[in-house]
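Visitor: I have a model to go through. Can you take my questions one at a time?

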Amino acid sequence: MATPTDATSACQTNTILKEFKEFDDTKAGVKGLVDCGIEKIPEFFIQPQELLPKSSEVAPPSLQVPIIDLEAIHKDADSYKQIVQELKQASESWGFFQLVNHNVPKALLDEVIKGIKEFNEGNKDVKEKLYSRDIKKKVSFASNLNLYQMSAANWRDTLNCLFDDSLDPTDIPLVCRDAFMKYRENLLPVAETLYELLSVALGLPSDHIRGMNCAKTQIFVAHYYPPCPEPQLTMGTSTHTDPSFVTFLLQDSLGGLQILHDDHWVDVTPIPGALVVNIGDLLQLASNDKFKSTKHRVLASTRGPRISLATFLVPAFDKKKPFGPIKELLSDKNPPLYKEVLATDYLKSYVSKGLNSSALSYFKL
Ligand code: OGA
Ligand code: NI
């Protein structure tokens with residue numbers, strides 16, 4: 001029999017679900033609330049106290065995410081070695097770095113940010129038609145993809161776009177279509193270079209990771225964080241790790257992204273023209289924990305909108321090939337820490353658990 005406390009909490013859960021549903025049915029996202037001029041955030045955005053930022057956990061501003069400069073990559077063997085060494089260090093101890101001189105033009109990055117802004121601030125019918133949380137859809141728009149798995153919603157709206165061989169580009173909203181296509185075309189060679197450097201950093205032949213087909217699918221997750229009237233009560237994006245192999249993140253100049261490093265939250269300070277790169281769960285798994293998929297989050301803010309585009313590089317989803325720790329890295333001294341998993345199953349368990357925890361633990365041996 002339910003105790004009074006159980007009954008109260010069940011009742012609260014039902015109220016929250018009803019509020020979630022009403023919000024979802026508007027198909028206008030968080031921006032729709034802000035456009036109505038609300039001064040207090042609805043209760044279902046209020047995070048439990050323990051999940052809100054604490055001032056005791058803030059890192060000193062002198063602590064900064066490493067910067068990897070690719071400018072001298074083709075200069076000589078020593079420069080190449082130096083870059084590999086810096087990348088190895090960053091991937092092992094930070095799981096995050098800012099990539100500069102990567103060859104994607106700054107003007108194109110600006111165009112991408114502008115396209116995302118225009119989509120969110122543009123025609124409401126276009127957004128409503130795309131509004132869906134069906135993860136099988138190649139292109140969709142939703143506020144909080146895991147809304148129903150979360151204890152409280154995040155202050156953001158997201159356009160999702162899954163690039164694989166079967167994507168029809170005309171499904172991408174017109175205002176950002178060209179920019180997305182050009183960005184993807186420019187990003188793939190950077191990913192190839194990065195995979196080469198990561199292979200060498202792991203002590204593998206330089207084409208090893210490329211041979212694993214880990215950039216076959218690119219999931220574009222384009223976020224719009226409207227200004228928030230009560231940022232101290234909610235989150236832009238709750239603490240999570242990424243389900244990708246590697247993530248490329250393009251952020252605008254507002255800031256708010258933080259990563260957990262040595263138990264302290266470090267700001268990822270925006271650098272104009274840089275791409276933030278982080279190791280995802282699947283590379284942590286493939287590298288048998290050598291490289292780290294680091295927890296990160298985005299603070300809500302009275303300033304906004306903040307715009308970002310996370311590109312998750314993942315192995316081909318249609319492949320039935322299981323994915324596990326790279327055999328060449330394993331030995332008696334370094335036994336496998338994870339089971340083999342299909343990339344598609346990994347993503348499913350990731351989506352079903354909500355943010356605030358990692359799905360990697362389900363696949364530990
Ligand atoms: C993500 C993410 C950060 C940002 O989409 O996984 O961490 O700055 N985004 O929006
Ligand atoms: Ni992330």
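Guide: The answers below cover the ligand, the cores and some local features.

Visitor: What is the basis for the values?

Guide: This is a predicted model, where local features need pLDDT of at least 70 and side-chain atom pairs count only at pLDDT 80 or more, while totals for chains, interfaces and linings use all residues. Residues are numbered from 1 along each chain as its sequence is written, chains are lettered from A and ligands numbered from 1 in the order in which they are written, and side-chain values use heavy atoms, with hydrogens and water left out.

Visitor: Which residues surround ligand 1?

Guide: His223, Tyr225, His240, Asp242, Leu249, Leu257, His296, Val298, Arg306, Ser308, Ala310 and Phe312. A residue is listed if one of its heavy atoms lies within 4 Å of the ligand.

Visitor: What lies 2.7 Å from an oxygen atom of the ligand?

Guide: A polar side-chain atom of His223. Arg306 also has a polar side-chain atom 2.8 Å from a ligand oxygen, and for an N or O atom in the side chain of Asp242 the distance to a ligand oxygen is 3.1 Å. The protein buries 95% of the 290 Å² that ligand 1 exposes when taken alone; accessible areas come from the Shrake-Rupley method with a 1.4 Å probe, and for residues only the protein chains shown count as cover.

Visitor: Which feature does UniProt place at residues 215-315?

Guide: The unreviewed UniProt entry has "domain: Fe2OG dioxygenase" there. UniProt positions follow the numbering used here, feature names are shortened, and annotations may be inferred rather than shown by experiment. The chain over residues 215-315 is 6% helix and 48% strand, with its end C-alpha atoms 6 Å apart. Helices (H or I, at least four residues) and strands (E, at least two) are DSSP runs, numbered from the N terminus.

Visitor: Switching to packing: how many residues are in the largest nonpolar core?

Guide: It has 72 residues, and those with the most contacts inside it are Phe180, Tyr183, Leu198, Phe245 and Phe248. Helix α6 (residues 174-201) gives the most to this core, 12 residues. A nonpolar core is a set of buried Ala, Val, Leu, Ile, Met, Phe, Trp, Tyr and Cys residues joined through side-chain atoms within 4.5 Å. Buried means under 20% relative accessible area, exposed over 50%, partly exposed in between (1.4 Å probe, protein chains only).

Visitor: What does Leu198 contact, leaving aside neighbours within four places in sequence?

Guide: Leu87, Ser91, Ile209, Val246, Ile279, Leu283 and Phe291, where contact means heavy atoms within 4.5 Å. A second, separate core has 19 residues, including Trp94, Tyr225, Val268 and Leu347.

Visitor: And the backbone: which residues does a cis peptide bond join?

Guide: Gly304 and Pro305, with omega about 5°. Pro305 sits in the loop between β11 (296-299) and β12 (306-314). Most peptide bonds are trans, and most residues other than glycine have a negative phi. Asn103, not a glycine, has a positive phi of about 85°, as does Asp289 at about 75°.

Visitor: Is Asn103 buried or exposed?

Guide: Exposed, because its relative accessible area is 72%. Asn103 belongs to the loop between β2 (96-100) and α4 (106-121).

Visitor: Where is Cys228?

Guide: In the loop between β5 (217-225) and β6 (235-240). Cys228 counts as buried because its relative accessibility is 2%. Not counting residues up to four places away in sequence, Cys228 touches Ile41, Trp155, Thr234, Ala300, Ser301 and Thr302.

Technical notes: A polar contact is a pair of N or O atoms within 3.5 Å; within protein, one must be able to donate a hydrogen and the other to accept it, and residues adjacent in sequence count only if both atoms are side-chain atoms.
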